[in-house]
Amino acid sequence: MIALIMFVLIYFGKEFGISANFRVMCAADGAGDYASFFKFDWNSQGWNLLVALGAMFGGYLASHYFTDPGENVAGISAATVATLAKMGHLVEVGQVPIVPEFYSWPSLFTLTGFIIIVIGGFLVGFGARYAGGCTSGHAISGLSALQLPSLLAVVGFFLGGLVMTHLIFPLFL
Amino acid sequence: MSKFIIVGIIFGVTLYKAEAVSWYRIFEMFHFQSFHMYGIILSAVVAGIVIVQLIKRGRIRSVDGQQIEINDKDLSIPRYLIGGFIFGLGWALAGVCPGPMFILLGSGVTVLIVFLSAAMFGTFLYGLVRDKLPH
């Protein structure tokens, strides 16, 4: 399905990559005045904003119409539930919500919520542009085209992810 | 124009129903406790490789009949490894990458607008300092 989406975009003469939208949005807000990286014809990238807009609609439809209220759970494994319990995050198998409780406005003003939402967002935005792509651009599009740079980027994604999950999470989560 | 919105909607519904938008699924993936996320990525890449090879052999043309060219990326090691590493830190921390961020925002997790702003600020800062970074 995801490959099909990539194919449709290639078929329309485009490239599949969601994080490029951050650059487009920066440029649209006038960031071109500050750095040449944002001086490009962002109007020509408007199609990608439409994909992002569509993704938002898709999220709305999926959660409101294609999912029953009691069904809105992530079916994670019992092993993961046990790992979470060890860290003090008690969830029950079959009852795990799609997003944890720290994705809420009140939690934004707690240390954990702030680190996850604000620092997490910053790292994702900075890293995606530094690496020239995110999961969709490198892991899906890049690996599909057998691009060595994308493989390096994906190795980087996983190294970063493993360090965060195994070394940094225990410090505060 | 609207064809891109439709592509986005299909993308959004697919990733939502596949639970790829879930923080817990990412957490589980980095603990190697389920094949779920690897299955999603692997199946997309395998199907993608087949499609790209068909395109490269000229079997598939674009919607206006043109030969499709797929650009090679320039090879540079620090850029992809360091940039990827930073992205990976954020990906595991937030449990969402840019696609799911838009999808969850649409599903009603409005606080992600703060995440989006932070990601834009990160991108902006990268634009400011990019000449000073190893690429």
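This is a predicted model: local features need pLDDT of at least 70, side-chain atom pairs count only at pLDDT 80 or more; totals for chains, interfaces and linings use all residues.

I began with two helices of chain B, α5 (residues 98–107) and α6 (residues 112–129). They pack at an angle of about 145°, and their axes lie 9 Å apart. Axes here are lines fitted to C-alpha atoms, for helices over the stretch in contact, and angles run from 0 to 180 degrees between N-to-C directions. Helices are DSSP runs of H or I with at least four residues, strands are E runs of at least two, and both are numbered from the N terminus.

Residues are numbered from 1 along each chain as its sequence is written, while chains are lettered from A and ligands numbered from 1 in the order written.

Which residues of α5(B) meet α6(B)? I found B:Pro98, B:Met101, B:Leu104 and B:Leu105. Their partners in α6(B) include B:Phe115 and B:Leu116. Contact means C-beta atoms, placed from the backbone, within 7 Å.

I turned to chain A. I found eight helices and zero strands. Its C-alpha atoms fill a box of roughly 50 × 35 × 35 Å along the principal axes.

Then I checked where the chains touch. Chain A gives 99 residues to the contact and chain B gives 88 residues. Helix α8(A) supplies the largest share of chain A's side, 17 residues.

How values were computed. Two residues are in contact if their C-beta atoms, placed from the backbone, lie within 7 Å.
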